[in-house]
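Please look at the sequence and the model below before reading on. The paragraphs that follow walk through selected places, one after another.

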Amino acid sequence: MFMFSRSICCAKLNQLSTFETLFSNLKLRPYATPLIGPLQTCESRIYREKAEYANVNWDELGFALTKTDYMYVMNFTEEEQKFFNGTLTRFGNIEMCPSSGILNYGQGLFEGLKAYRKEDEGILLFRPQENALRMKMGADRMCMPSPTVDQFIDAVKKTVLANKRWVPPYGRGSLYVRPLLMATGRNLGVKPSSDYTFLVYASPVGNYHKGDLNLMVEDNVHRAIPGGTGGIKAVTNYSPVYKPLTEAKAKGFSDLLFLDALTGSNIEEGSACNIFILKGNVISTPTTHGTILPGITRTSIMEIASDFGYQVEERAILIKEVFDAEEVFCTGTAMVVKSVASITYQGKRIGYKLGAETLAQKLHATLTGIQTGLIEDKLGWTMLID
């Protein structure tokens, strides 16, 4: 990055004119923006090159794929028994054996995290080490090797920096980063693969849900069962809910709220988000006991809410309790934090408080403030990479 800095110290400020003349012959790029700090006995100016942006209408971004420039690929082979020689390559299609484990048996995982643009156009990642650890937990469950935490973070950093012109301007979206772990070895029988591919790609995104969030309780189809893979980001967790989700959206709902498979009376989560209810000073969310994904946004919101003075609890929540809640909101990497406008269960609909005065909005403002560098990160959650 082109950087120009100068520091002039002098006893009298009027002596600065001599130095200004000296520097006037230097040609600075017209888009260099001075970041001026406090002026005491010296004047310091640091010039950061204005970011180059892709030709995108940032205000029209939704949550859909926009092809970017590069992706990162790293392989694990039976011979090497480790991930090695990760490289950046142009974003595009990949070749795969028809008998690969990911295609035949769904042996695969994915993660999701975001890169945010700061006001000064630097770039922040939010808690990438937590995504790396969650992928490792999922890989253990799926009998797969996983990249180390350092390999994971390095791959994410390189992918973001290679695509940094696709990171939206401050306050106008984020760069969604999708790490994939796939069984790519030839495998006709039902057994773990011998070879694996770790791939990271990215896409600029806007809001996941742009309108009100209206949920319908799904009491016939279950997202996860005890002893299954609901607590990890297995690729096979998501497509089984497409049918009821499509039917719900056709009726005008935004998403589904799933119930537990054992009793059918406790709420669990949405198709891609965790859920919270507020009653008085108590915030409750379902316990992650193997059927609910331990969301990184979920954990972060629990910590922020505790700092706000709320009592935060993880427990079994009966579906009937949501009808007495003052507020309901959902969290997730894609969704961030969003108030639930209504929940419909067996024909009964209940609406909830919305607007700027809701707890959900305050939590959203605090979390996104930390993620974009607007609010001081006292918890060490963000990672500056530019």
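Which residues are linked in a network of salt bridges? The network consists of Lys279, Glu313, Arg315 and Glu321. The model in which they are found is a predicted one. One of the links joins the side chains of Glu321 and Lys279, with 3.9 Å from N to O. This pair connects distant parts of the chain, 42 residues apart: Lys279 belongs to strand S14 (residues 274-279), and Glu321 sits in the loop between strand S16 (311-314) and strand S17 (327-332).

In one, the side chains of Asp69 and Arg165 come together at 2.8 Å, N to O. Asp69 is buried, because its relative accessible area is 12% and the limit for buried is under 20%. Arg165 has 27% relative accessibility, so it counts as partly exposed.

Another salt bridge stays within one helix. Asp140 and Lys136 meet through their side chains at 3.8 Å, N to O. Both belong to helix H3 (residues 128-141), and because they are four residues apart there, about one helical turn separates them. Asp140 is exposed, at 52% relative accessibility; Lys136 is partly exposed, at 39%.

An unreviewed UniProt entry lists Lys233 under "modified residue: N6-(pyridoxal phosphate)lysine". Where does Lys233 lie? Its place is the loop between strand S11 (213-218) and helix H5 (242-250). Lys233 counts as buried because its relative accessibility is 12%. What does Lys233 touch, once residues up to four places away in sequence are set aside? Its contacts are Gly108, Leu109, Phe110, Glu111 and Gly112, together with Arg134, Tyr238 and Leu293.

Phe253 is buried, since its relative accessibility is 18%. In sequence, Phe253 and Met216 are 37 residues apart, yet their C-alpha atoms are 6.4 Å apart in space. Met216 is also among the contacts of Phe253, along with Asn214, Leu215, Ala248 and Thr344, when neighbours within four places in sequence are left aside.

Helix H7 covers residues 359-371, which makes 13 residues. From its first C-alpha to its last, H7 reaches 18 Å, close to the 18 Å expected at 1.5 Å a residue. Which residues of H7 are buried? They are Leu359, Ala360, Leu363, Thr366, Leu367, Thr368, Gly369, Ile370 and Gln371.

Thr372 lies in the loop between H7 and strand S20 (382-384). At 12% relative accessibility, Thr372 is counted as buried, because buried means under 20%. A polar atom of the Thr372 side chain is 2.7 Å from the backbone oxygen of Thr368, and Thr368 is one of the buried residues of H7. Apart from residues up to four places away in sequence, Thr372 touches Tyr116, Arg117, Lys118 and Glu119, as well as Leu124 and Tyr170. Gly373, which follows H7, has a positive phi near 80°.

Asn85, which is not a glycine, has a positive phi of about 50°. Asn85 is part of strand S5 (residues 83-90), and its relative accessibility of 63% is why it counts as exposed. Gln346 likewise has a positive phi, near 50°. Gln346 is in the loop between strand S18 (336-345) and strand S19 (348-351). Is Gln346 buried or exposed? Gln346 is exposed, because its relative accessible area is 61%.

Notes
Residues numbered from 1 in each chain as written. Predicted model: local features only at pLDDT ≥ 70, side-chain atom pairs only at ≥ 80, totals over all residues. Heavy atoms only, no water. UniProt positions renumbered as here; feature names shortened; annotations may be inferred. Helix = DSSP H or I, 4+ residues; strand = E, 2+ residues; numbered from the N terminus. Buried < 20%, exposed > 50% of the residue type's maximum accessible area, 1.4 Å probe, protein only. Contact = heavy atoms within 4.5 Å. Expected span 1.5 Å × (residues − 1). Polar contact = N/O pair within 3.5 Å; in protein donor to acceptor, adjacent residues only side chain to side chain. Salt bridge = Lys/Arg side-chain N within 4 Å of Asp/Glu carboxyl O.
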